[in-house]
Amino acid sequence: MNNDPYRKKETLVLDEFDLSRQQSSIIDAAGEMIATITLDERILFVNHAGRKLLAISQEHNLASEPLYVSDFHTPEVYALLKDHIFPSLIKEREMWQGDIEFKNLNNQTIPVNLSVIPHYDESGKVAWITGIARDLSEQNALEIQQRLAKRVFDNTIEGIFVTDSASKILQVNRAFCEITGYSASEVIGNTPRILQSKHHELSFYEALWQQVNTSGTWQGEIWNRRKDGSVYLQWLSINSLKNKQGDIEYFVAVFHDLSELRAREAQIEFLVNHDPLTELGNRTQFIDRLKYILQSSINVNKKIAVIKIDLGEIQLINDSLGHAFCDRLIQQAAKRLKSIVKGQNLLVRLAADEFGVLVVDIKHAMDISRLVFELKSSLQLPFKIDDENLYMNPSLGIALYPDDANSSDDLLRFARIALQQAKGDGRNTFCFYNPDMSNQARERLLLEQALREAITSNGLSLNFQPKVLLKTGEIFASEVLVRWNHPTLGYISPSVFIPMAERSGLISDLGRWVMNETCRCLAEMKASGLTILPVAINLSVYELESSGFAKHLMDYVNKYHLEPCLFEFEVTETGLISREEMVIESLKKLRNAGFKVALDDFGTGYSSLSYLRKLPLTTLKIDRAFVNDITDDKVAASIVRTVISLTESLSLEVIAEGVETKEQQSILLDMGCSKAQGYFFYKPLSTTDFKKLLKNT
Ligand code: C2E
Ligand code: CA
Ligand code: CA
C-alpha cells in the first residue's frame, strides 16, 4: 500500500501546502477590504481590495513604511473609533458593525459598512483587530437614485402605474389617483381594465398589447373612464421591463389627460374658424374648405359653386335700430339659411351682412339655381324682431368651378363681382358671374368717384318737369329731376347714378344738394317776381333712414325763407316696405313739418291696399307703365280705374305720370283723374327754360 504512487503524492501535497499563503491569496481575492491592525492602531496587513479602497499602492511595504488607523479617517471619525468603538470592542469582547466614512490617501471620502472583529491571544486577551469594510459608494448612489425616482414618481403630473407581467397593478402614483379618481388601494391588485371606456373595439386593445409584447413599447391616444364614469382622452405610453432572461417582468404605463388640452384646442379652433354670433363657420373656414375641395377634386369631374349672399341694407338697420337688433336679424337669417344648406355643402358668415355658401358636387346647373332661389326666397320673408316686421332685400352672386375659375381666390372674387352685379340690378335678385362683370365693376368704381366729385363741385344740375291739370294743361306744380352731364362721359341717367349713390352712401349728400339747389332756384324765381309753384322732390328711402333728415330739409326751407307747404316729397314703394315701421315714422315727421308726401311709381311694388292706409300720404302717383298700357290693356285700365276710386275714398290726391298721348289724356280724364305729368305736356326742362315758361304763362 505504501508503494502506491498516488498515495505518496497525496501526502506530499498535504505536507507542502502552505496554509498562510493560501489564506492570503483567498483574502486578496475578496471584494471587500480586509485589514488587520495592532492594538496601537498600526496596520499590519491590508488585502488587495483594501489597498485599492484606501489608495495604498500594491508596492507599499507596511513593515518599512507603517500606516495607522488615524491616516484613514477625518479627526471626527477617528475620535469615534478611538474613544468609543475600540474601547467597547476590547471591553465587551464583541464585534462592532456600522456605516462610517474612510478617507483614503488620495483624500477621497468613501462611505463604508465596517465590521471590526477582535482576535485573542492564548491568554484570552485581545491581541489584534480585523476590519472588514464594504464600499457603499455605489450602493448609496443607487439609493439616491431610487429615492429620486420615487420622488419623481410621486410628484410628476403624469399618471403612472406599474403592473406585473400578468397586468396586475402593483403601484400607482399620486397623479394617477388625481386623474382617474381611484385611490391606490382601489386599483392595486386590479388590472388596468377597470380604466377602460367603451370607446375602443376589442381589436384596439389587442393591437396595443401585441405591439407592447413585440416591440416593448406603445404610445398613443386612448379614451379611458374615470371612477365617476366620465370618459376622457389621454396620451398613454406603455413600456415593458424585462428581466435578464428576457422575460417581461413589469409594464410601466405613463399617461396624461388630454381632455383639457383638447378642449382648449377645440375652443381655439372654433374661434379661429367660426363666427361667434351665428356659430357658423367664418371666412377662414370657407377658404380652407374651398381650397381643400378644389385640391381633392382636380381630377374628378366635379362642379362647385361659390355663392355670396348679401342681406341688404344691414348698415342702415344697424345705424337706425342698433347693434343688438341687427345681431338678432343676422342670427335669424343664419338660421333660415342653415335649414336650406345641407349635407356636404357649407354655410359660413363671410362678413357683417354677407354669408357664403359652398356647394359641392353639383350635377346640374339647375340644382344650383334651385338652391339659390330657395336661399333668396327664405331671406325675403319678413323677419319678426320685437314686434317689428322687417323685409330684407337680399342679393346673391354665384361663381362656378370649373366654368368660371379654378382657384379659390378667383372663385371668391368672381362671386363678389356677381354679387355687385345683382345689387346693381336692383337687389332681391341673383346673378351668375360672367366675365364682362369685372370690367363693369371697375367702371362702376370710376363712376362712383366721378359722382362724388360732381356733388361737391357743382357738376349736377336740376330739371323741372311741369305737372299739369289734365283738362286744361295748366301748370300747377313741377317735379324736380336731377341731371348729371359729365364733361367726358356725357349725359348719365339718374336711373343709373341714383342706385349707385344709394349703394355707395353718396345719396344723402346728393339729396342735400338737390334740396339746397331747389330752394335756391325757388328763392331766385321769387326774387325775380315770379309766382312760385309747389315742387315735388324725389327722396330715396335711404335718405329717410338718416336721423334728423326732416330737420335738415327744414333748415334749407328756412335758409331761403320759403314755406314747407311748397314741397312734396316723392318716395317709391320699393324700399319702403322693407322697413315699414321706420318709414312710417319718418314720413310722419315730414308731414308734421308741413311737407306733403307722394307715393311714386304706384303699382310697381307690393301695392298692398292695407299698406296704403298706413302711410301718411297726400298723393299717389300712378306709374307710367300703367298709363302706357291703359289704351290697349283692359286689365291695366281697370287697375288704374280702381286706384283712382281708391284715392277718392282715402282722400288722396292722384296724379298720372308719363302721359305721352292725347288718347291717354282723355281716358284718364274719363276715369276721374285730374292731374298729370308727361312728355305730352312738357318734358323736363332746364331751370332757364322752366323760368321762361313760367314767365310766359
Ligand atoms: P321718377 O321719379 O319716376 O321720375 C320720372 C321719370 O320719368 C324721369 O326720368 C322723367 O324724365 C321721366 N318722364 C317724365 N315724363 C315722361 C314721359 O312722358 N314719358 C317717359 N318715358 N318718361 C317720362 P329721369 O329724370 O330719368 O329720372 C329717373 C328716376 O331717377 C326718377 O324716376 C327718380 O326715381 C330718380 N330721380 C331723379 N331725380 C332724382 C333726385 O333728385 N333725387 C332722387 N332721389 N331720385 C331722383
Ligand atoms: Ca318722381
Ligand atoms: Ca315715377
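These notebook entries record what I looked up in a predicted model.

**Conventions**

I number residues from 1 along each chain as its sequence is written, and I letter chains from A and number ligands from 1 in the order in which they are written. In this predicted model local features need pLDDT of at least 70, side-chain atom pairs count only at pLDDT 80 or more, totals for chains, interfaces and linings use all residues, and side-chain values use heavy atoms, with hydrogens and water left out.

**Entry 1: calcium ion (ligand 2)**

I looked up the protein donors, meaning N, O and S atoms within 2.8 Å of the metal (3.2 Å for Na, K and Ca); water is not among the atoms, so sites may look incomplete. For the calcium ion (ligand 2) I found Glu479 (OE), Asn538 (OD1), Glu570 (OE) and Asp600 (OD), at 2.0 to 2.3 Å. Along the sequence these donor residues have the spacing E-x58-N-x31-E-x29-D. I placed Glu479 in strand E19 (residues 475-486) and Glu570 in strand E22 (residues 567-572), a pair that links parts of the chain 91 residues apart. Strands (E, at least two residues) and helices (H or I, at least four) are DSSP runs, numbered from the N terminus. For burial I used relative accessible area: buried is under 20%, exposed over 50%, and partly exposed in between (1.4 Å probe, protein chains only). Glu479 is buried at 5%, and Glu570 is buried at 2%.

**Entry 2: calcium ion (ligand 3)**

Which residue coordinates both calcium ions? I found that Asp600 does, and that ligand 3 and ligand 2 are 4.1 Å apart. Asp600 lies in strand E23 (residues 596-602) and Glu657 in strand E25 (residues 653-657), so this pair ties together parts 57 residues apart in sequence. I noted Asp600 as buried at 6% relative accessibility and Glu657 as buried at 8%.

**Entry 3: second largest pocket**

I next examined the second largest pocket, whose volume is about 630 Å³. Its lining holds 30 residues, and Glu313, Ile314, Gln315, Leu316 and Arg503 lie nearest the centre. Helices giving two or more residues to this lining include H12 (323-338), H14 (408-424) and H17 (507-527). Which element gives the largest share of the lining? I found H11, with six residues. Domain 3 (274-433) and domain 4 (446-696) each supply at least three lining residues.

**Entry 4: cysteines**

How many disulfides does the structure hold? I found zero, a disulfide being a pair of cysteine sulfur atoms within 2.5 Å. Cys326 is buried at 2% relative accessible area, and Cys673 is buried at 1%.

**Entry 5: backbone**

Most residues other than glycine have a negative phi, and most peptide bonds are trans. I recorded the peptide bond from Tyr401 to Pro402 as cis, with omega near 0 degrees. Pro402 sits in the loop between strand E16 (395-401) and H14. Asn107, not a glycine, has a positive phi of about 70 degrees. I located Asn107 in the loop between strand E3 (96-103) and strand E4 (109-120), where Asn107 is exposed at 56%. Glu279, also not a glycine, has a positive phi of about 60 degrees. Glu279 lies in the loop between helix H9 (259-273) and helix H10 (283-296), and Glu279 is exposed at 55%.

How values were computed:
1 Å grid on protein atoms, 1.4 Å probe; cavity = no way out; pocket = protein on both sides within 12 Å on 5 of 7 lines; lining within 4 Å. Points joined across faces, edges and corners; volume = space filled by probe spheres on them. Domains from an automatic or database assignment.
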